[in-house]
Amino acid sequence: MSIAKSLTKLEFRELKNNESKLVIELYNSLSNESIYHRFRGFFRDFERYITSIFSDPRNVIYGAFINNELVGVLEAVYLSDGCYEIAIVVKDNYQGKGIGTRLIAFAMSDLKRRGAKTLVAHTTPDNYRILAISRKFHGTVKCMYEECTTVFNLQSINVDQLLN
Ligand SMILES: CC(C)(COP(=O)(O)OP(=O)(O)OC[C@H]1O[C@@H](n2cnc3c(N)ncnc32)[C@H](O)[C@@H]1OP(=O)(O)O)[C@@H](O)C(=O)NCCC(=O)NCCS
């Protein structure tokens, strides 16, 4: 493998409870703009947030890594049988390079394998990137006032095709 390829190797996997520090570090590194888009406001209590997600074993946190550096995370929070709420962020310097799209495809494929049927995501109408990605994954987007809700029907998406 060439050096260029090994430098940009992107890997995805589920994160474990004992990796919460990594996730908190990623959140602490984000610009205000990314925090605003991720949390739809200027949220800062990342430690409590990540601890609460890891405290429920039905939730899943996925990570995207480049050369062992965590560059993106996607949290899937269990809502009800077969239904999860998802939220994602990619480190500022790595945005716009296709990582978010691939992390969502990886998470969708894994969640479908675990029996998930529906995924829900919330965003603001000015978040063009996530809205563009949501449409790529055939999400049904409904916007009202300052919030857009996207519903993904995993049964009608060929997620494995999206992984390639
Ligand atoms: C949203 C986010 C996760 C996307 O990850 P990413 O790696 O930057 O996204 P990708 O590079 O995979 O794809 C971005 C897509 O948005 C599109 N896009 C970018 N700017 C756009 C704009 N102004 N209008 C329309 N589409 C736009 C790109 O063209 C690209 O689609 P393409 O691959 O078809 O060209 C990332 O930007 C991020 O972390 N943002 C801050 C947090 C956030 O908004 N989270 C989502 C809400 S929970």
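These entries record what I looked up on the strands and the ligand shell of this predicted model.

**Ground rules.** I number residues from 1 along each chain as its sequence is written. Because the model is predicted, local features need pLDDT of at least 70, side-chain atom pairs count only at pLDDT 80 or more, and totals for chains, interfaces and linings use all residues.

**Strands β2 and β3.** I took helices (H or I, at least four residues) and strands (E, at least two) as DSSP runs, numbered from the N terminus. Two strands pair if DSSP finds at least two bridges between them. I found β2 (residues 60-66) paired with β3 (residues 69-80) in the antiparallel sense, over seven bridges. Phe65 stands opposite Leu70 in β3. Two residues lie between the strands of this hairpin, where Asn67 takes a positive phi near 45°.

**Strands β3 and β4.** I then followed β3 to β4 (residues 83-90); these strands run antiparallel and are joined by eight bridges. Val77 has Glu85 in β4 as its bridge partner. This hairpin also has two residues between its strands, and Gly82 in the turn shows a positive phi of about 75°.

The ligand is surrounded by 21 residues, of which the closest are His37, Gln95, Gly100, Thr101 and Tyr128. Two or more shell residues come from each of α3 (32-39), β4, α5 (99-113) and α6 (128-136). I noted that α6 gives the largest share, five residues.

Key:
Near = placed C-beta within 6 Å.
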